[in-house]
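Please look over the sequence and the structure before reading on.

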Amino acid sequence: MLSFPTPSVYQSSKCFVTYGVMGHLDPNQPPTKSKPWSTVAGQDFINRVELIIPQETSEVVRKILNEKAAPEFQRMVMSLHDILSGDFFTEYIKKGNVMMLSEGRKGIDNVFTFRNGILTMLLDKEAYERAGLVGKPDGVKGKRGLKPRWVVEVDLTSSSMVPGKKGFDRLIYASKNAFNTPVTWLFCNLSSTIPNPDPLALHSPAKYAAEPSVLQNIDAMLPTLKPPVDAIGPEGREELEYFSTELYEWLSLVRLQSPRIQVGDQVDPYLCRYQVPGDGQQGKICRLTWQGFLAPSWCREILLNLVAKLPSKSWFSFSTTTFSKGMAGDNSEISLFRPQGAPGEYVMWEIKSHE
């Protein structure tokens with residue numbers, strides 16, 4: 001008899017590391033399908049973006065950010081039926097130029113999302129049966145102690161998704177009878193144009209701008225900021241794993257504002273035995289943080305500008321973190337690091353949470 005592991009909500013996340021070359025960047029034709037650009041643009045519902053740079057490049061970054069307005073998002077209360085009817089549906093959802101995320105915890109509550117005109121509903125068994133829609137099982141099912149869940153996806157940009165068509169009318173029926181309770185939504189307009197009159201204004205949205213929080217002149221002990229030569233090629237897998245683990249740990253401590261990476265830190269080794277790897281080089285660094293409901297396209301554009309305009313031999317770290325997923329509240333994350341003195345190279349960590 002085969003032995004299967006017991007399903008658990010506490011399964012750990014997985015980390016995938018990529019060490020590669022970005023290639024030439026053409027400002028008129030920015031890359032979209034190659035790594036790391038496709039990976040950044042493919043993330044869902046980013047909640048947090050963090051940038052770590054040497055202090056001497058902070059002025060260049062400030063000029064880059066001044067050229068582009070801070071990302072904006074809105075928060076409002078609407079029912080699913082409100083979204084699927086009237087001008088809001090035709091001007092926003094049907095055109096597929098918005099992102100929307102409902103309140104709720106994935107894996108526990110019923111959660112609804114809109115992206116690229118696709119409605120995704122993550123439902124428990126009772127809500128799924130009450131809605132009468134066609135979906136598929138989501139995650140582990142049929143196991144003792146875990147409740148089965150279902151996912152329903154509808155492409156609302158399709159020509160068949162109009163009033164009078166059977167599939168659309170069935171969705172409207174479900175929105176009126178099964179999901180008629182107003183819920184709180186986060187809304188992000190991916191288009192540069194706003195309809196006039198704006199159908200969103202009828203729902204009294206609260207508007208927010210994700211201005212960066214800046215922490216400057218951090219006196220830090222720096223690790224080795226360039227992969228060893230032996231890390232290139234299949235034979236260097238162990239070297240790359242060792243380097244990427246130590247560097248990611250250091251970057252995470254910077255993001256957490258841990259005093260363990262600061263110059264002069266003398267914590268009792270009984271409490272913490274961490275030491276910054278490397279030869280003990282000191283330097284000043286700067287950390288910028290954005291938090292809100294951020295579009296992957298905005299993150300990709302900021303990353304393109306950083307690669308193109310920062311000094312070619314300067315290092316930086318750029319990370320994006322999604323909203324929490326699953327019962328354990330894990331996040332998915334992408335962290336990209338450009339090594340010092342290696343303008344065309346990058347190290348990328350993809351943290352994929354268990355859902």
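## Salt bridges

Glu 50 forms a salt bridge with Arg 48, and their closest N and O atoms are 3.3 Å apart. A salt bridge here is a side-chain nitrogen of Lys or Arg within 4 Å of a carboxyl oxygen of Asp or Glu. Glu 50 is buried, at 3% relative accessible area, whereas Arg 48 is partly exposed, at 23%. Buried stands for under 20% relative accessible area, exposed for over 50%, and partly exposed for values in between (1.4 Å probe, protein chains only). In general, side chains of opposite charge can pair when their charged atoms come close.

The model has 13 salt bridges by this rule. One of them links Arg 62 to Glu 59, with the closest N and O atoms 2.3 Å apart. These two are three residues apart in helix H2 (residues 58-66), so about one helical turn separates them. Arg 62 is partly exposed at 42% relative accessibility, and Glu 59 is partly exposed at 39%. Another salt bridge joins the side chains of Asp 109 and Arg 105, at 3.3 Å from N to O. Asp 109 is partly exposed with a relative accessible area of 27%, and Arg 105 is partly exposed with 49%. Salt bridges that share partners also tie Arg 48, Glu 50, Arg 255 and Glu 333 into one network.

## Source and confidence

This is a predicted model, in which local features need pLDDT of at least 70 and side-chain atom pairs count only at pLDDT 80 or more, while totals for chains, interfaces and linings use all residues. Residues are numbered from 1 along each chain as its sequence is written, and side-chain values use heavy atoms, with hydrogens and water left out.

The chain averages a pLDDT of 87, and 91% of the residues score at least 70; pLDDT is the predictor's confidence in each residue, from 0 to 100. Over residues 1-7 pLDDT stays under 50, and the model has three contacts beyond four places in sequence for this stretch. A contact means heavy atoms within 4.5 Å.

## The sheet

Eight strands form an open sheet in the order S7-S8-S6-S5-S4-S9-S3-S10, with antiparallel pairing. Its edge strands are S7 (136-138) and S10, each of which pairs on one side only. From one strand to the next, the twist averages 25°. The angles are taken between N-to-C directions and run from 0 to 180 degrees, with axes as lines fitted to C-alpha atoms, for helices over the stretch in contact.

Strands S4 (residues 98-102) and S9 run antiparallel and are joined by five bridges. Leu 101 has Leu 186 in S9 as its bridge partner. Two strands pair if DSSP finds at least two bridges between them. Strands (E, at least two residues) and helices (H or I, at least four) are DSSP runs, numbered from the N terminus.

## Backbone exceptions

Most residues other than glycine have a negative phi, and most peptide bonds are trans. Phe 45 is not a glycine, yet its phi is positive, about 50°. Phe 45 lies in the loop between H1 and strand S2 (46-54) and is buried at 6% relative accessible area. Gln 257 also has a positive phi, about 60°. Gln 257 sits in the loop between helix H7 (237-255) and strand S12 (281-294) and is partly exposed at 47%.

The peptide bond from Lys 35 to Pro 36 is cis, with omega near 5°. A cis peptide bond also joins Asn 196 and Pro 197, where omega is about 0°.
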